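Dear colleague,

Please find below the structure that I am handing over to you. My notes on what was found in it follow directly after.

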Amino acid sequence: MSATVCAPVLADTAPVAADGEVGPVVGVHLRRDRAVGVRAGDGSSRTAAAAGSPATSLAAVLAELAPERCSRVLLDLAPLVADVLEGGRLAAVTTVRIAPSDRAIGVLYGGWPPAVVEQVDAGRLHVSGGHDFHGRRVGDVDEEAIAAAGRLAVQRGADVMAVSAVGAMIDSSLELEVAARLSRATGRHVVMSHGAGGVRHLERETTTVLDGALRGEVGALLDELYDVVDHVAPGARPGFAAADGSWLGREQARAHALRLLGTREALLVQGAAATAGTPSAHVLLRDRRGLRATAVDDGCVRADPVRDLAPWLPGVHANQRHASVLPVGPGDASGLSPAALLGRPVVLVDLEPRADEGEVPQRLVAAGLEVRQVAAAPDVLLARGLCAAVPQCEVVTYAAVDGPAAWQRARDVARHQAQAQVLAADPRARLRTVADQVIPLSYLSTGVVQVRCYVVAEQELVRA
Amino acid sequence: MPEVRSITADHFDDLFLGSQLGVLSAASTYRGSLETWVHALLQERPVELVDPAEARERFGEEEMGLAVLMVGAMLSLLEYPFRGDEAVVAVRRLERTLGVRFAAMCPFNCSGPNALVAVGAASLLGLPLVDCDGQGRILPLIDQTTFALGGLRASPLAGVGPWGDVITVDSPGDRAEEIVRAAVSGAGGWMLCATYPAPVHRLVETGIQRSLSQRIASGALMQTARSDLGERLARHLGGRLVARARVVELSGHQHTGLRTRQPASPYSILLRGLSSTEPLIRLEVRNEIVVATVDGAVVGAVPDMICLIDPLRRRSVELSDLRVGQVMEVLVLPAAEAWRTPSGRAMAGPGAFGLSWPAQPA
């Protein structure tokens with residue numbers, strides 16, 4: 001097994017369309033036994049479906065939708081990633097937590113289904129240390145503890161090692177050092193928490209472990225499907241949908257496989273907005289579970305940073321950017337303040353046929369809102385949502401700074417990181433910085449700040 | 001809402017939502033490890049909530065109580081999570097320092113993490129929690145309390161930090177705030193502190209009464225209010241909805257006001273009102289929102305509580321999650337009576353934050 005350590009930015013090497021323009025796009029939603037695809041962006045919207053394994057059905061759908069050149073083929077693998085998680089095909093991970101104490105209020109694997117723990121848990125080891133909030137490293141690297149972690153991984157037959165250090169979002173050097181040593185000592189792939197990102201250490205550790213556990217199986221799937229796209233739609237750039245509605249290049253997806261899980265609501269929302277022909281909207285999803293509300297801003301779904309991984313791992317929280325969807329109520333709009341919806345069209349999506357489907361729009365129209373209704377099969381909406389997906393990256397990190405010049409440097413570093421991630425998904429992207437903030441950390445008299453930079457690829461709405 | 005005598009896991013959702021009210025920088029609106037931990041503690045051992053009136057009868061004149069809080073940045077607590085025994089270590093250390101055994105405890109305040117910290121600590125220690133606190137809202141300094149207004153002292157105080165550092169502060173000169181703030185910085189961003197050791201009767205007399213149960217009731221309202229949450233909360237808590245507005249700018253700036261003890265970098269939030277006149281609303285943040293103006297006129301100021309409510313999510317919003325373009329409701333809720341006195345305003349009014357805006361809103 002080759003020894004590799006993830007670099008923070010993972011460039012993708014797929015071919016770029018010769019003219020450099022974003023042309024027709026194909027989005028394909030994949031399940032274990034079928035695929036549904038949509039071609040959009042060239043003035044028409046064509047749909048195709050095929051049965052069979054993911055590779056077979058993808059090839060059939062692409063053969064129908066991409067006989068002519070298209071610039072992108074975007075794939076939604078969420079059901080397949082869920083199958084990996086639920087189907088007993090996870091890698092064994094030895095985890096090294098670098099923290100002040102071996103005790104914490106959050107226990108890794110606490111609340112996880114026993115069957116998943118049995119597969120994934122190849123031992124856990126605590127190493128004392130980390131970076132404090134001034135960016136200072138606390139204590140020396142404990143060489144013996146690192147060596148013991150390596151031995152544990154070998155002894156337990158780990159496929160992957162995960163390193164999560166407190167303070168890694170202020171300074172990632174400790175994780176990189178420890179990962180390099182573990183990689184050299186064991187030959188295992190090492191995943192690190194600063195790559196997963198997020199400002200909660202325990203949730204970041206969970207994300208890192210799951211990224212590592214999913215990496216092998218999902219990576220093989222990515223390679224297989226990538227080859228299909230390359231063969232059937234040569235010249236098209238493949239991408240993979242993430243839970244926040246964005247899309248990732250192959251290597252980004254391999255490194256952060258958990259991000260491919262749970263894309264459904266983000267893609268439905270993007271698909272609905274694209275169908276309604278509006279880049280910015282409040283979107284109401286209605287089905288037997290009730291009414292759920294979210295918003296799309298310039299083609300990007302409004303996202304939350306922390307996710308309860310139900311239904312796959314109920315009660316387990318991960319740092320995973322995903323669509324921010326608010327349950328409103330049992331199918332009516334009485335829980336919505338019209339004021340909260342002002343200023344944008346409201347797109348109402350009925351995911352199932354309803355007898356009272358006129359009721360909600362009437363209420364909203366009566367409140368002075370512009371309402372557009374969308375009706376389409378969910379799988380088609382998912383594929384349309386893929387076509388409308390926008391590469392984007394939000395970097396949230398910390399910096400110990402001591403003045404306005406240092407604030408600016410911290411901001412520049414975060415912006416470059418975010419830009420690099422967007423370009424890794426799509427090297428042709430025209431970048432737009434949506435948010436670029438330095439937020440002082442409250443209640444502390446020292447100069448620690450949170451830096452947040454959100455960069456998106458500027459693109460026209462791909463109407464579906 | 002029925003009277004809460006015992007805080008169980010069933011109350012957790014209401015407590016969590018209600019505790020976020022009026023909190024911006026110290027808010028934690030997403031559930032994670034801290035919330036899961038406190039919920040699990042309540043499942044294992046519910047916390048007895050003692051009404052202030054009952055506390056006067058139940059506890060003797062000499063029986064001692066204390067307050068617990070987390071000093072520092074909420075974000076540092078997310079990065080350096082509790083081990084789980086900090087409250088026990090801090091309280092036992094303070095007991096040893098004073099040579100007493102505490103009979104009860106109360107929250108330092110019921111806002112943000114401190115509501116959860118108090119409930120979690122009471123569950124761990126098996127102590128009854130008296131339904132009062134020292135701020136009735138969130139204020140940055142440990143001596144910015146109605147306990148202090150009533151003559152109680154924050155020290156002796158014991159604190160535990162994320163790296164296991166334990167401090168005991170006994171400050172005859174009432175400099176606990178300065179010393180603890182320096183210790184928090186050195187300790188790594190937060191300390192869980194056991195403070196204001198005093199007879200339970202005195203904590204009740206000087207504290208803001210029924211603040212915890214009020215937060216639980218507010219949380220229940222936030223869960224059940226189907227629409228118009230801002231207006232309903234304002235009615236429920238005797239305040240007013242100042243504006244519905246869209247965030248147009250978020251910016252840090254240099255403090256140009258009077259010298260202040262506040263551990264805060266000034267920050268401004270500008271919003272454009274959604275009403276026909278599109279007024280410009282400015283919120284000045286010194287850790288939390290301290291002043292609200294509409295087209296330049298002050299409409300709310302500390303010690304009153306200025307809240308941002310996300311009407312779509314029907315909850316408070318945290319500063320690091322605030323985005324340009326979001327629609328917010330701005331509420332001003334009245335401070336507790338103790339803060340409305342001249343000495344209360346001197347301690348917690350705009351002047352305490354280095355601002356020269358009038359203490360009385362227009």
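**Findings for chains B and A**

Chain B is divided into two domains, with domain 1 covering 6-211 and domain 2 covering 229-353. Please bear in mind throughout that this is a predicted model. The C-alpha centres of domain 1 and domain 2 of chain B are 25 Å apart. Across the boundary, 29 residues of domain 1 of chain B are in contact with 36 residues of domain 2 of chain B.

I turn next to the helices of chain B. Helix α2(B), residues 33-44, and helix α6(B), residues 113-125, have axes that come within 9 Å and cross at roughly 35 degrees. The crossing of these two helices, α2(B) and α6(B), is left-handed. On the α2(B) side, the residues that meet α6(B) are B:Leu34, B:Glu35, B:Trp37, B:Val38, B:Leu41 and B:Leu42. Their counterparts in α6(B) are B:Leu116, B:Val119, B:Gly120, B:Ser123 and B:Leu124. Sorted by class, this contact of α2(B) with α6(B) has 8 nonpolar, 2 polar and 1 charged residues.

Helix α6(B) also packs with helix α1(B), residues 12-19, at an angle of about 145 degrees, and the two axes are 8 Å apart. Here B:Phe12, B:Leu15, B:Phe16 and B:Ser19 of α1(B) meet B:Ala115, B:Leu116 and B:Val119 of α6(B). The contact of α1(B) with α6(B) has 6 nonpolar residues and 1 polar residue, with no charged residues.

The nonpolar cores come next. The largest nonpolar core has 92 residues, and B:Ile7, B:Phe82 and B:Leu129 are those with the most contacts inside it. Helix α6(B) gives the most to this core, with 8 residues. Which residues is B:Leu129 in contact with, leaving aside its neighbours within four places in sequence? They are B:Ile7, B:Val47, B:Glu48, B:Leu49, B:Val50, B:Met105, B:Cys106, B:Pro107, B:Ala118, B:Val119, B:Ala122 and B:Leu212. A second, separate core has 59 residues, including A:Leu30, A:Ala35, A:Val117 and A:Leu225.

Finally, some overall values for chain A. Chain A has 12 helices and 21 strands. Of the 464 residues in chain A, 63% are buried. Among the contacts in chain A with a separation of 6 or more, 72% are between residues 24 or more positions apart.

With kind regards

Methods
Residues are numbered from 1 along each chain as its sequence is written. Chains are lettered from A and ligands numbered from 1 in the order in which they are written. This is a predicted model: local features need pLDDT of at least 70, side-chain atom pairs count only at pLDDT 80 or more; totals for chains, interfaces and linings use all residues. Side-chain values use heavy atoms; hydrogens and water are left out. Axes are lines fitted to C-alpha atoms, for helices over the stretch in contact, and angles run from 0 to 180 degrees between N-to-C directions. Helices (H or I, at least four residues) and strands (E, at least two) are DSSP runs, numbered from the N terminus. A crossing is left-handed if the near helix is turned anticlockwise from the far one by less than a right angle, and right-handed if clockwise. Contact means heavy atoms within 4.5 Å. Ala, Val, Leu, Ile, Met, Phe, Trp, Tyr, Cys and Pro count as nonpolar, Asp, Glu, Lys and Arg as charged, and the others, Gly among them, as polar. A nonpolar core is a set of buried Ala, Val, Leu, Ile, Met, Phe, Trp, Tyr and Cys residues joined through side-chain atoms within 4.5 Å. Buried means under 20% relative accessible area, exposed over 50%, partly exposed in between (1.4 Å probe, protein chains only). Domain bounds come from an automatic or database domain assignment.
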